[in-house]
Amino acid sequence: MPQDMPPSGGYAQVQYKRNIPARGFKPWQYMLGMHAIMAYGFYRYFQGVREQRELAREKMWSRLHIMPLLQAEEDRDQVRRYYADKAREKELLGEETKVYNSDRFIRPTFGYLPANATK
Amino acid sequence: MGVPFEALLPYGIILGMFGLSGYGISFVKGFANDGKKARWNRDLWDRQMMERDLRLTGSERGQSSNPTAPKGFDVSNPWKVEKRIF
Amino acid sequence: MRLPNHLTPANQLAAKETDLSHPQTRSSPKSCLNCTPPPDQSPLSRQATVTMAQRDPQFNQKLLVDTTPMPDHIPKVEEIGTTSAFLASASFAIGARCQAFNDDYMKCKDEANGRGEFDCLKEGRKVTRCAASVIKDINTHCMQEFQAHVDCLENNNQTFFNCRRPEQKLNSCIFDKLGLKKEVPGTPENQVPVWQRPKQMYAEYPGRQF
């Protein structure tokens, strides 16, 4: 009975190795490039953060320098209105009243509003 | 073969309308800001300073380097009031 | 007065506890400003859960202007009529000359125990006079630079970093004529101060500013 036998001289070599040339850079080069880009990005980011911090400091100090004069202006206005309210009260009630049991300056929460208050 | 002009009419309308609204917005903004660039990202400080500018110059964007306030400025500070809720 | 429209979820929880004995009187969280409260609801327990933070927003378009002048027993001072951009532009000059007055005033307010509005009027007048003198000096000596810087600030949302070129000129003018130097406390010493850097990272114009 005939059997399948290997061909005379044996089978041909099976081509299992690939011989494709590797494209591009070496993997470690890609890694290095990515890290370089990231490092530059972080460098710029922290530079920006530092500059923002300085800009914020500058802005806040520019406000801090003019805040006392605005506050003084506002305080004078509050005191003026406080005395005006006092005088009005005295005129209406005939006596000085004291709403709060405190010496402190308290900005009034409730007040008398004339009918034509809107400017 | 040339494109018939009727095909271009809608584009003309679209362009014209967008142009009109864009110009309108820029005109209104310029009018509201005295011809200056509009303020943005204003915080409470900026807003109250603009109210102060309004009291001093009559315009929210008006500027004045006058060291002394005009007459009546010291009594013009308004209190914002609302109806009592309790 | 009861405020039924303050039934936020947190309040509903609180209301649930107080209303356990009267389940039939639970009001729905509908907005009703003028309706009368149910008779057997305790208004005190409801009010205790209403804080100012939870109140309804409402318009405050009314302005109350009081034109009564200052009483005579308080010395008068001329108010400062300088507006926001000019104040921002001159702020570091004001800070350089008036630091002592400013600190004195704020310290007085801090230590006045809530009476600073009355007790620190004198210090406040000093602050105002000092700042007015600075503004006056800048107006007489550096008006052109002052105006240029303010014009720039006004067209750039009053941000300093877009206006370094006019600011540089103004600063040098103020330093030459008035001897006031711009300084920001707390700036790190090993770097160029941010207002003297020619390149500003956040400026609209990306190149050298001056």
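This is a predicted model: local features need pLDDT of at least 70, side-chain atom pairs count only at pLDDT 80 or more; totals for chains, interfaces and linings use all residues.
Local features need pLDDT of at least 70 and side-chain atom pairs pLDDT 80 or more, while totals for chains, interfaces and linings use all residues. Residues are numbered from 1 along each chain as its sequence is written, and chains are lettered from A in the order in which they are written.

Visitor: How many helices and strands does chain A have?
Guide: Chain A has 1 helix and 0 strands. Helices (H or I, at least four residues) and strands (E, at least two) are DSSP runs, numbered from the N terminus.

Visitor: Why is chain A called more spread out than a compact globule?
Guide: Its radius of gyration, taken over C-alpha atoms, is 43 Å.

Visitor: What makes a residue of chain A count as buried, and what percentage do?
Guide: A buried residue has 20 or more other C-beta atoms, placed from the backbone, within 10 Å of its own. Of the 119 residues, 12% count as buried.

Visitor: How do you know that chain C is in contact with chain A?
Guide: Contact means C-beta atoms, placed from the backbone, within 7 Å. By that test, 38 residues of chain C touch 30 residues of chain A. The largest share of the chain C side, 9 residues, comes from α3(C).

Visitor: How many residues does the contact take from chain B and from chain A?
Guide: It takes 6 from chain B and 6 from chain A.

Note on methods
The radius of gyration is taken over C-alpha atoms; the globule rule is 2.2 Å times the number of residues to the power 0.38. Two residues are in contact if their C-beta atoms, placed from the backbone, lie within 7 Å.
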